[in-house]
Amino acid sequence: MSSEPSLSSPPGTPPQPLHPAESTTRTAGELAGAAERAAATQLAPAAPVRLGSVVRLGDVVPAPERVEPDADADYLLPADAVIRVSADPAALAVGEQLAALLRPATGYPLPVTDVVGQPPAGGIALELTDEAALGAEGYRLDVTRDGVRLRARTAAGLHHGVQTLRQLLPAAIESRTPVAERWVLPGGSILDRPRYPHRGAMLDVARHFFGVADVLRVIDHLARYKLNRLHLHLTDDQGWRIAIDSWPRLAAVGGATEVGGGPGGHYTQADYRRIVAYAAARHITVIPEIDLPGHTNAALVAHPELAPPGTTPSPYAGTEIGFSYVDPTSERTYDFVADVLGELAALTPGPWLHIGGDEAFKVPAEIYTRFVERVQRIVTGLGKTVIGWHQIAPAAHTDGRILQWWGTRPDDPVTADAVRRGAKLILSPANHVYLDMKYAPDTPIGHDWAAHIDVHQAYDWDPATHLTGVPADAVLGIEAPLWTESVTTRTEIEFMLFPRLPAIAELAWSPQSPQPHQSPRSTQPDQPAESPRSDQPAQPAPPEQSPRSGQPARATHDWSDFRQRLAGHAPRWTAAGITFHRSPDLPWPSQPSVPAPRPAPPNQNATNTAQD
């Protein structure tokens, strides 16, 4: 297969199979089978957007920290609106992204201009502020009859606020062609900051290979719900997916296989840089994983000299685990590790390298620990921070080390001991956030060894108290892995992500504590309170408060409220061409009428981006 993945179908277009053969039944062993055609029978039917649909200020996912609606302050976006942005390159980039999101459906030109000092009233203003209380990713959004004002300390905060603004417009805003709609934003104020600094998802591109366009599409989905980490599982027994100049056979030979015997593929270094840059523009950090010492059969096929003595690796297209490992007693192995991680570190501006470390069943424990410790030293020597699956816990601690815990039982004394020695945790409990798990027994693709995970199962747990003997401040956040033994196309990726990914995003972003007051505008309580959060050292003063409504307080993490808000996103996903599972956990809206398309105005200067 060519090392240059096809980019003929941009991520903003309706999902297409990655390879032509994927539109028919694949011979992918016991897992792949006829998955795509079977999945299609369970995909959600179309749910077109409603003309004049009403959005409440409290309908946002993830739920904001504090919401103060004002029924008399709704803002109608006019055709001559201007987006005014602080004179900062990163902030201006966010302004251009906002314009690119709004132009296709509105047909409005929405020019973006930089402003020094206080922006004039009217239109949409994106401002960088020195308000320390907002933290690294927080924002304030104020909607009045005169215009919209979005403030943040950083471009990342502005970006997250733009995603909220996007959700407050009618669902038809996701259309890629002009729509007849009144573009009204509900009036009021929002203060919002994340609960956890690490909010991510993992995409396994090793079991089945996915081209650059598919990865960019996934990045857009993460950005939509304020996730900020993309973990790429780049290597496994079935395929090696990143070109390494000093070891070219890794991609040329190791990348030529995948589950079920397909052609595989790999990313050139230019491809990888494009993915990293696209993610960074959406304030998402890419975390690359080279799984070691196990899950290495593809590397061993390319370089048999790395295999243990007496073994002869051969290409593998099945789904068994635990049978392969690089020789941990050979110095050649450590040369290989240093070269691969060195090139990957140079390609990756983010601070983390993931070294895997799971399911090396054939490596004796003492030898495994020595191997991990040596690889950790290689990573820190490159100026990066180590992340590994929680099986690396027995190894000696290195500064900043992070364990990614994927267990299913909360009592894990080995991991708890590693935390006592200084490790921090990313939580990926397989029975709550593994997105390759089936929704139900009849889900046509996926696994069920950890659990059947529908939306409620993904949402209804607390990371701060999940692991026995692990304090809340050791938890950096949550990551939802999607393993792809049975996932073969972009359509199937989306089917497994939605609607569970937004549930996990809310768990990672929204505060857990009860809220002090709610909105006089709505029967639903919308007011979140200040809450402790791991990424901020002190609690800021609350924002300007509206009069208390006298209604009982609620917690932001509220299943009955969340399921209503999330179900309301179905028309948005449909308009954006996103495939999703119509979970029985959610009260999906009835089929509304379709807004009438209209011609774009002659002065439209929009250019579509890969954002959904």
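Colleague: Where in the chain does P293 lie?
Modeller: P293 lies in the loop that runs between strand β14 (285–289) and helix α8, where helices are DSSP runs of H or I with at least four residues, strands are E runs with at least two, and both are numbered from the N terminus. This is a predicted model, in which local features need pLDDT of at least 70 and side-chain atom pairs count only at pLDDT 80 or more, while totals for chains, interfaces and linings use all residues. Residues are numbered from 1 along each chain as its sequence is written, and side-chain values use heavy atoms, with hydrogens and water left out.

Colleague: Cis or trans, the peptide bond from L292 to P293?
Modeller: The bond from L292 to P293 is cis, with omega near -5 degrees. The bond from V61 to P62 is cis too, also with omega near -5 degrees, and P62 sits in the loop between α2 (35–40) and β1 (66–69).

Colleague: And N297, is that buried or exposed?
Modeller: N297, which belongs to helix α8 (residues 297–302), has a relative accessible area of 6% and is therefore buried; buried means under 20%, exposed over 50% and partly exposed in between, using a 1.4 Å probe and protein chains only.

Colleague: What is N297 in contact with?
Modeller: Setting aside neighbours within four places in sequence, N297 is in contact (heavy atoms within 4.5 Å) with D237, P313, S314, P315, Y316, F323 and S324.

Colleague: How many of the 612 residues count as buried overall?
Modeller: As a share, 63% of the 612 residues count as buried, in a protein with 17 helices and 19 strands.

Colleague: What about α15 and α16, at what angle do they cross?
Modeller: The axes of α15 (residues 500–509) and α16 (residues 559–567) cross at roughly 130 degrees and come within 11 Å; axes are lines fitted to C-alpha atoms, for helices over the stretch in contact, and angles run from 0 to 180 degrees between N-to-C directions. The two helices are therefore oblique to each other, since angles under 35 degrees count as roughly parallel, over 145 as roughly antiparallel, 65 to 115 as roughly perpendicular and the rest as oblique.

Colleague: Which residues meet there?
Modeller: P502, A503 and E506 of α15 meet F562, R565 and L566 of α16.

Colleague: Which residues in α16 are buried?
Modeller: In α16, W559, D561, F562, R565, L566 and A567 are buried, and what covers them includes α13 (455–459), α15 and α17 (570–575).

Colleague: Last one: what is phi like at L110?
Modeller: Phi of L110 is near 45 degrees, a positive value in a residue other than glycine, and L110 is in the loop between α3 (89–106) and β4 (112–115). K226, not a glycine either, has a positive phi of about 65 degrees and lies in the loop between α5 (212–224) and β11 (229–233). L110 is buried, with a relative accessible area of 0%, and K226 is buried with a value of 0%.
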